[in-house]
Amino acid sequence: KMYGSEHLDTLRAVNNLAVYLDNAGKKEEALSLYRWATTGRQKLLGDNHPHTLDSKYNLASFLWYNGHAEEAKQVFIDTRKGCIDCFGWQHHGTLECTERLLEILEASGDYEASVPICEE
């Protein structure tokens, strides 16, 4: 309450709590908090800030591992672009996003979409 729901420290805590709840099996609560942290960080920091990208990656991973492949794919595409812009091609965050995106494309049988990503 001291900082408010959209303070950066609050959003960091919300993101961390989402990870904890996710690991504890409280999926609905975790998803709500992942979305809150992502939206708040986008609003305060912009789409391509490292903290925003961290929240977006967490949200996309949660979506993927909990059966929301299409939404996860879109969030990973957006997050990967942000990582490339922010960190460059060789950064571990960019590479992790690329790996997860390729995993989703492979699982959905969309091999054609994978080829240009692999050729970059």
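View 1. Helices here are DSSP runs (H or I, at least four residues), numbered from the N terminus. The model is predicted: local features need pLDDT of at least 70, side-chain atom pairs count only at pLDDT 80 or more, and totals for chains, interfaces and linings use all residues. Residues are numbered from 1 along each chain as its sequence is written, and side-chain values use heavy atoms, without hydrogens and water. Helix 3 gives the most to the lining, with four residues. A pocket is an open set of points on a 1 Å grid over the protein atoms alone, where a 1.4 Å probe fits, with protein on both sides within 12 Å along at least five of seven lines; lining residues have an atom within 4 Å of a point.

**View 2. The pocket lining, residue by residue.** Among the lining residues are Pro 50, Asp 54, Phe 87, His 91, His 92 and Glu 96. By class, the lining has five nonpolar, four polar and two charged residues. Nonpolar means Ala, Val, Leu, Ile, Met, Phe, Trp, Tyr, Cys and Pro; charged means Asp, Glu, Lys and Arg; the others, Gly among them, are polar.

**View 3. Thr 79 in helix 4.** Thr 79 is found in helix 4 (residues 69-87). Thr 79 counts as buried because its relative accessibility is 0%. Buried means under 20% relative accessible area, with a 1.4 Å probe and protein chains only. Leaving aside neighbours within four places in sequence, Thr 79 is in contact with Leu 53, Lys 56, Tyr 57 and Cys 97. Contact means heavy atoms within 4.5 Å. Thr 79 also lines the largest pocket, as do Leu 53 and Tyr 57.

**View 4. Helix 2 and its cover.** Helix 2 (residues 27-45) has 19 residues and reaches 26 Å from its first C-alpha to its last, close to the 27 Å expected. The expected span is 1.5 Å times one less than the number of residues. Its buried residues include Leu 31, Tyr 34, Thr 38 and Arg 41. Helix 1 (8-23) and helix 3 (50-65) are among what covers the buried residues of helix 2. Just after helix 2, Gly 46 takes a positive phi of about 95°.

**View 5. The setting of these close-ups.** The protein has six helices and zero strands. Buried residues make up 39% of its 120 residues.

Technical notes
Helix = DSSP H or I, 4+ residues; strand = E, 2+ residues; numbered from the N terminus. Buried < 20%, exposed > 50% of the residue type's maximum accessible area, 1.4 Å probe, protein only.
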